Amino acid sequence: MSNTGGTKYQYLAALSVNIVTISYGAFCGWPSASFLELASDKSPLETGPLTKQDQGWVASIMCLGGLFGTILFAWLADKIGRKKCLLWVALPNLLGWVIIPYARNPTHLNIARFLGGAAGGGCFAVIPIYIVELASESVRGVLGTFIVLTCNGGILLAFVLGYYFNYAAVSWIMSILSFVFIACFWFMPETPQYLLKLKKVEEAELSLRYYRNIRNNPAKELSEDLQQELERLKVTDKADNNPDDDELDDDANGVTWADFAEPKTRKAFLIGLGLISFNQLCGCFAMLNYTAVIFEQAGASMPPTVAAIIVGAIQLLGTYASTVLVERLGRKLLLLVSAIGIGLGQSAMGTYSYFQMLGYQVESFSWVPVVGFSFMLLLAAVGLLSLPFLVISEILPPKIRSTASMILMSVLWLISTCVIKMMPILTVSLGMYGTVYMFASLSFLAALFIAVFVPETKGKTVEALLASL
């Protein structure tokens with residue numbers, strides 16, 4: 001059996017589950033073009049044009065929705081299973097899109113965006129766990145990058161649709177994806193690891209057969225490799241639970257603080273915390289809001305919607321590069337190159353802004369901020385914005401995986417909200433150059449953190465990774 005044949009259902013599962021992530025990506029990109037329409041004199045809202053303050057809330061409340069969704073769906077993932085939990089993600093996702101065309105004031109838009117954010121929280125809290133639990137070591141990295149690849153695809157899709165259609169039409173078009181997701185993902189089995197956690201050994205074996213593509217012949221014995229894999233999952237599950245008491249049920253066997261106190265587990269969690277923090281503190285996500293300003297400063301004459309489409313395409317290209325390279329070069333090298341590249345791009349932008357502030361004639365170098373910004377986004381998409389979710393789900397022990405992911409993703413949404421809200425204040429107090437230099441310093445600090453603490457996870461089992469910490 002070829003490797004491709006053995007992994008095709010894993011690819012199918014990863015593509016099916018990430019249809020909902022395309023829809024969440026579109027939620028992220030929706031304000032870019034829609035705010036131009038909603039803030040204009042022709043705004044369809046009964047309260048009139050959307051004010052700057054309202055725009056700030058409509059944009060950032062999605063992060064609070066993400067925090068709520070992370071906590072809710074990470075809890076559900078352990079209670080009802082990864083698959084059922086992810087199917088429920090379609091509900092807030094659909095409601096978020098359906099409310100937008102009927103919105104008559106900013107509050108309605110805030111509710112819609114909160115629901116969209118909740119769906120995104122569910123995606124980023126549960127999908128990486130689902131992928132790690134079903135994927136073979138050889139394709140785990142590639143499948144793990146699909147979540148950010150499809151999210152960036154959704155962002156670009158929203159930018160393009162926003163260029164051709166009004167905001168209500170975009171919402172109706174994107175709402176279709178919720179139904180497509182349910183239709184495709186409905187037939188996927190639960191992950192073998194979760195089924196073993198419930199002591200459903202036969203179902204776990206059937207699930208493993210499906211994902212390793214040997215389901216066509218139920219009478220066929222599991223190959224030696226697959227038999228070993230199933231046994232290894234059983235051992236991992238027992239090691240995570242109380243080995244002396246197999247009768248304990250799932251609730252009685254819940255996660256406690258003692259599980260986090262184990263040195264290797266604590267180190268894995270702290271590495272995850274560092275990666276999640278730098279994912280937002282590098283400033284790339286917050287600076288996306290300044291795309292139009294940066295292009296305008298550089299004297300680019302293109303409309304903001306076109307600039308957004310270019311930025312979206314750059315992000316998608318970077319994430320695709322990450323998908324292609326993650327199993328060839330490994331996670332650590334890509335993260336390291338990404339963090340250094342982000343810092344260099346930001347340093348170039350900061351230097352241009354600083355000389356401009358001093359009054360130097362910098363017009364002939366007006367290409368520098370655009371090139372620096374594009375370089376920063378490309379390198380960010382290759383590593384620091386895309387890979388932390390994969391690495392975290394790889395290094396966390398199965399027992400605490402859902403709880404730890406919930407905590408880490410909650411931290412991400414909180415930092416994200418703070419950085420986006422603080423960005424205008426920082427640009428006033430430190431100037432644009434000071435803010436960008438600050439982000440560059442944090443990016444170089446991220447590179448140091450990755451070099452010293454983050455292990456290479458490519459092709460390694462959870463047991464081997466925990467042993468190497």
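# Chatting through a predicted helical model

Student: What relative accessible area does Leu157 have?

Tutor: Leu157 has a relative accessible area of 34% in this predicted model. That value lies between the 20% and 50% cut-offs, so Leu157 counts as partly exposed.

Student: Where does Leu157 lie?

Tutor: Leu157 is part of helix H6, which runs over residues 140-164.

Student: And what does Leu157 touch, not counting residues up to four places away in sequence?

Tutor: With those set aside, Leu157 touches Ile22 and Met174. Met174 is 17 residues from Leu157 in sequence, and their C-alpha atoms are 9.4 Å apart.

Student: Which residues is Ile155 in contact with, leaving aside neighbours within four places in sequence?

Tutor: Ile155 is in contact with Gly25, Ala26, Cys28, Gly29 and Gln315 once those neighbours are left aside. Take Cys28: 127 residues separate Cys28 from Ile155 in sequence, but the C-alpha to C-alpha distance is 6.1 Å.

Student: Nice. Zooming out, how many helices and strands does the chain have?

Tutor: The secondary structure amounts to 21 helices and zero strands. The chain has 469 residues, and 56% of them count as buried.

Student: What share of the contacts with a separation of 6 or more comes from residues 24 or more positions apart?

Tutor: That share is 82%.

Student: Let's talk about the core. Which residues have the most contacts inside the largest nonpolar core?

Tutor: They are Trp30, Leu109, Phe124, Tyr130 and Phe373, in a core of 118 residues. Helix H5 (residues 106-134) gives the most to this core, contributing eleven residues.

Student: Can you pick out Tyr130? What is Tyr130 in contact with?

Tutor: Apart from neighbours within four places in sequence, Tyr130 is in contact with Ala13, Val17, Arg82, Leu86, Phe185, Met188, Pro189, Thr191 and Tyr211.

Student: What about Gly120, where is its place?

Tutor: Gly120 sits in helix H5. Its relative accessible area is 0%, so Gly120 is buried. Beyond four places in sequence, Gly120 touches Tyr24 and Trp413. Leu67 is 53 residues from Gly120 along the chain, with 9.2 Å between their C-alpha atoms.

Student: Switching to helix packing: at what angle do the axes of H3 and H4 cross?

Tutor: The axes of H3 (residues 52-79) and H4 (residues 82-102) cross at roughly 145° and come within 7 Å. The crossing is right-handed.

Student: Which residues meet there, between H3 and H4?

Tutor: From H3 there are Phe73, Leu76, Ala77 and Asp78, and these meet Arg82, Cys85, Trp88, Val89 and Pro92 of H4. By type, seven are nonpolar, none is polar and two are charged.

Student: How many residues of helix H18 are buried?

Tutor: Eight of its eight residues are buried, so H18 (residues 388-395) is largely enclosed by the rest of the structure. Among the buried residues are Ser393 and Glu394, along with Phe389 and Leu390.

Student: Last topic, backbone angles. What is the phi of Lys199?

Tutor: Phi of Lys199 is near 65°, which is positive in a residue other than glycine. Lys199 lies in the loop between H8 (192-197) and H9 (201-211). With a relative accessible area of 40%, Lys199 is partly exposed.

Student: And Asn213, what about its phi?

Tutor: Asn213 also isn't a glycine, and its phi is positive at about 60°. Asn213 is in the loop between H9 and H10 (224-240). Asn213 is buried, since its relative accessible area of 14% is under 20%.

Note on methods:
Residues numbered from 1 in each chain as written. Predicted model: local features only at pLDDT ≥ 70, side-chain atom pairs only at ≥ 80, totals over all residues. Heavy atoms only, no water. Axes fitted to C-alpha atoms, helices over the stretch in contact; angles between N-to-C directions. Helix = DSSP H or I, 4+ residues; strand = E, 2+ residues; numbered from the N terminus. Left-handed = near helix turned anticlockwise from the far one by under 90°. Contact = heavy atoms within 4.5 Å. Nonpolar A, V, L, I, M, F, W, Y, C, P; charged D, E, K, R; others polar. Core = buried A, V, L, I, M, F, W, Y, C linked by side-chain atoms within 4.5 Å. Buried < 20%, exposed > 50% of the residue type's maximum accessible area, 1.4 Å probe, protein only.
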